[in-house]
Amino acid sequence: ASQSPRRRELLQLLGVPFDVMRPDFAEDLDKGSFASAADYVLATAVCKCEAVRSALPPSRDDGRHDAIVCADTVVVRDGDILEKPSDAADARRMLASLAGRTHEVLTAVVVGIQGETGTRSFVERTEVAFH
C-alpha cells in the first residue's frame, strides 16, 4: 500500500513477490490533533493499511492470507510537518526552506494481515543535515 518507487525497488531487491495497491484514503488527518509528528505519520500509515485491508477479500482463493505493508513519510522542520510537495514550485520552496539546516525525516511502517485485525508497526527517525 505504497506507491513509492524506492519502496518498490527495496521489495524487488529482497525478491519478495508483491502487488501495489493504492489505498482509498485521503491522507487528510488533522496534524494538530496529534501529540507528535511521529504519532501523525503512524496514524496515516495505519489508515492506509486499514483502507487496503478493507478492500481485500478475507483470504486469497487458495485460503492463504497476504501481508499488507504500508508506509508513510514526512519531513519535520522546526516542529512543522511537511508532506509531499503539490507541484514543482512547492518542491522548490520546500527545498529552499530546508537548505542550510537540519531536519527530521519520519517514516512509519505498518504491517497487517489480510482477513485479520491488528497491526505491527514502527516509526524510524532520521536526522538530515541539508547543505
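Is E83 buried, partly exposed or exposed? E83 is partly exposed, at a relative accessible area of 22%; the scale calls a residue buried under 20%, exposed over 50% and partly exposed in between, with a 1.4 Å probe and protein chains only.

Before I go on, the ground rules. This is a predicted model, in which local features need pLDDT of at least 70 and side-chain atom pairs count only at pLDDT 80 or more, while totals for chains, interfaces and linings use all residues. Residues are numbered from 1 along each chain as its sequence is written, and side-chain values use heavy atoms, with hydrogens and water left out.

Back to E83. Its side chain meets that of K31 in a salt bridge, 3.4 Å from N to O; the term means a side-chain nitrogen of Lys or Arg within 4 Å of a carboxyl oxygen of Asp or Glu. E83 sits in the loop between β2 (80–82) and α3, and K31 in the loop between α1 and α2, so this pair ties together parts 52 residues apart in sequence. Helices (H or I, at least four residues) and strands (E, at least two) are DSSP runs, numbered from the N terminus. K31 is partly exposed too, at 35%.

The whole structure has 13 salt bridges. Another one joins K48 and E27, at 3.6 Å from N to O. K48 is in helix α2 and E27 in the loop between α1 (5–14) and α2, 21 residues apart. K48 is buried at 6% relative accessibility, whereas E27 is partly exposed at 29%. Within α2, E50 and R53 lie 3 residues apart, about one turn of the helix, and their closest N and O atoms are 2.6 Å apart. R53 counts as buried at 8%. Salt bridges with shared partners also join E27, K48, D72 and K84 into one network.

Next, cysteines. How many disulfides are there? The count is 0, where a disulfide is a pair of cysteine sulfur atoms within 2.5 Å. The sulfur of C49 is 4.1 Å from the closest cysteine sulfur, in C70, which is too far for a bond. C49 is buried, at 0%.

Last, the core. A nonpolar core is a set of buried Ala, Val, Leu, Ile, Met, Phe, Trp, Tyr and Cys residues joined through side-chain atoms within 4.5 Å. The largest has 15 residues, and V74 and L106 have the most contacts inside it. Elements giving it two or more residues are α2 (37–55), β1 (67–77) and β3 (101–113); α2 supplies the largest share, 6 residues.
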